[in-house]
Protein chains: 2
Amino acid sequence: MAEQSGPSTQQIVEKVWLSIAERRLRPGVQLKEEQLATIFSVSRARIRQALAVLERDGLVTIIPNRGAFVSKPSVDEARDVFFVRRTVERCVVERLCKSVSKTDLKRLREHVAKERIANSQDVTSEIIKLSGGFHLLLAETAGSDFLFTTMRDLIARSSLITAVYRNTNRFNCGPDEHAEIVDAIAANDADKATRLMAHHLEHVESELDLTEIRDLSHDLRAALA
Amino acid sequence: MAEQSGPSTQQIVEKVWLSIAERRLRPGVQLKEEQLATIFSVSRARIRQALAVLERDGLVTIIPNRGAFVSKPSVDEARDVFFVRRTVERCVVERLCKSVSKTDLKRLREHVAKERIANSQDVTSEIIKLSGGFHLLLAETAGSDFLFTTMRDLIARSSLITAVYRNTNRFNCGPDEHAEIVDAIAANDADKATRLMAHHLEHVESELDLTEIRDLSHDLRAALA
DNA sequence: TCGTTTCATATTGTTGACAATCTTGCAATC
DNA sequence: GATTGCAAGATTGTCAACAATATGAAACGA
């Protein structure tokens with residue numbers, strides 16, 4: 001008769017992941033167990049399981065006896081994430097060029113269309129959500145579970161990185177570059193598609209300020225932690 | 001006064017990972033909580049956290065109210081893992097060709113030497129341990145944390161795959177192929193190194209029987225689970 | 001003999017209470 | 001006024017007991 005079991009550990013992980021990916025959870029924010037427990041209507045034990053998973057995934061940093069905090073990626077980590085994205089997304093795109101179907105293309109184009117709308121209406125939260133979602137949709141469509149899981153991880157980390165190091169006001173993923181990539185995939189032009197993707201990722205990374213030492217004056221405590 | 005705290009969640013995960021990677025934990029084996037709790041001298045709560053992490057990593061499958069079992073990769077998953085390995089390890093090798101140091105090379109060569117010894121002495125457990133360790137050492141030396149973490153995951157899954165689908169009696173990673181790869185890296189010959197790595201992975205994969213339907217007669221129950 | 005039911009046991013899943021640790025606000029001191 | 005010390009509260013970490021579920025064996029009936 002145990003019905004009120006609430007969301008599973010993995011579902012909680014997924015929800016926290018989404019909040020991070022959509023930048024509604026900022027780096028450094030503390031995730032208090034009881035707080036999460038009441039939000040998800042589950043016991044603290046399950047929350048602790050979810051936090052252990054999130055720590056392993058690098059999205060949350062647990063300081064013993066202090067609590068769990070949304071991770072603040074270092075400059076090195078940031079560079080690393082984009083380095084890996086270049087490889088992984090290139091692989092995704094190559095695979096798509098080989099095996100993409102009509103329905104896949106339709107879904108991709110619909111997604112880009114949504115991005116366009118969100119962009120023109122300037123709904124920040126939607127823009128963030130959809131631009132991350134595009135890269136994830138590519139990975140999903142490519143049909144490799146492992147690649148998809150990896151991209152999920154990379155996207156969330158990219159969100160954290162952008163939250164910390166973004167330099168410009170513009171948002172990173174413009175729908176135009178996404179559209180071009182889809183077009184190249186549609187034409188089965190792997191060379192062009194990978195080139196566009198590489199360029200796109202460079203573009204995103206270039207809007208980050210990864211050269212400077214992070215601002216410490218504001219945030220001394222967390223920086224030293 | 002809390003001294004007897006025992007290994008942390010992540011350390012337990014690491015130990016289970018190692019047991020899987022070294023094939024001392026076979027696919028399908030049940031991991032009972034109390035059993036693990038006594039082995040690691042920790043409470044069940046911490047074991048459950050570790051199991052949640054391992055489930056997320058795909059090394060363990062949790063069936064509600066039934067328990068946690070070491071995962072049995074499907075044929076599709078197996079293909080997927082090797083597909084991703086081709087991309088990731090190519091990336092690792094390319095990076096190494098650019099940035100390898102003398103000390104790095106020394107460590108790699110020492111590792112291959114150990115593999116040779118284990119092989120000549122025919123110590124199965126050592127052979128398995130070291131041949132997985134070689135690929136991991138490559139990733140570690142490449143200097144990308146994310147790549148290393150990903151490879152850790154891939155190696156463990158490869159062990160499970162090999163345990164289920166290995167066809168031949170020989171062991172998969174011969175030290176000779178490893179040695180050739182190290183030589184190509186030492187020569188900064190990225191083309192050759194990536195070619196050798198690709199060939200090596202194909203070789204390993206070719207010793208698996210991924211075309212046949214898995215043998216069910218022996219193991220019907222777990223197969224249907 | 002085979003299949004079904006029942007019951008004891010084992011295992012998982014949950015909960016609440018407690019101890020250890022950290023944070024915060026306040027007062028005392030220099 | 002700034003710093004230190006202390007105490008109250010909040011938070012994490014741990015544990016053991018309990019409930020829910022599955023397993024396996026014995027009893028029963030066809």
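Reply: A salt bridge is taken here as a side-chain nitrogen of Lys or Arg within 4 Å of a carboxyl oxygen of Asp or Glu. The model is a predicted one, and by that rule the count between domain 1 of chain A and domain 2 of chain A is one salt bridge. R152(A) forms a salt bridge with E14(A), and the closest N and O atoms of this pair are 3.6 Å apart. Polar contacts between domain 1 of chain A and domain 2 of chain A come to three residue pairs, both residues being at pLDDT 80 or more.

On the side of domain 1 of chain A that touches domain 2 of chain A, helix α1 (residues 9-21) of chain A gives the most, with four residues. By class, that side of domain 1 of chain A has seven nonpolar residues, one polar residue and five charged residues.

As for the extent of the two parts, domain 1 of chain A covers 9-70 and domain 2 of chain A covers 75-206, and their C-alpha centres lie 25 Å apart. The contact joins 13 residues of domain 1 of chain A to 15 residues of domain 2 of chain A. Between them these two domains of chain A bury about 1300 Å², with 61% of that area on carbon and sulfur atoms. Of the area that domain 1 of chain A buries against domain 2 of chain A, W17(A), E22(A) and R23(A) supply 48%, which is more than any other three residues.

Notes
Residues are numbered from 1 along each chain as its sequence is written. Chains are lettered from A and ligands numbered from 1 in the order in which they are written. This is a predicted model: local features need pLDDT of at least 70, side-chain atom pairs count only at pLDDT 80 or more; totals for chains, interfaces and linings use all residues. Side-chain values use heavy atoms; hydrogens and water are left out. Domain bounds come from an automatic or database domain assignment. Contact means heavy atoms within 4.5 Å. Buried area is the accessible area (1.4 Å probe) that two parts lose on being put together, summed over both. A polar contact is a pair of N or O atoms within 3.5 Å; within protein, one must be able to donate a hydrogen and the other to accept it, and residues adjacent in sequence count only if both atoms are side-chain atoms. Helices (H or I, at least four residues) and strands (E, at least two) are DSSP runs, numbered from the N terminus. Ala, Val, Leu, Ile, Met, Phe, Trp, Tyr, Cys and Pro count as nonpolar, Asp, Glu, Lys and Arg as charged, and the others, Gly among them, as polar.
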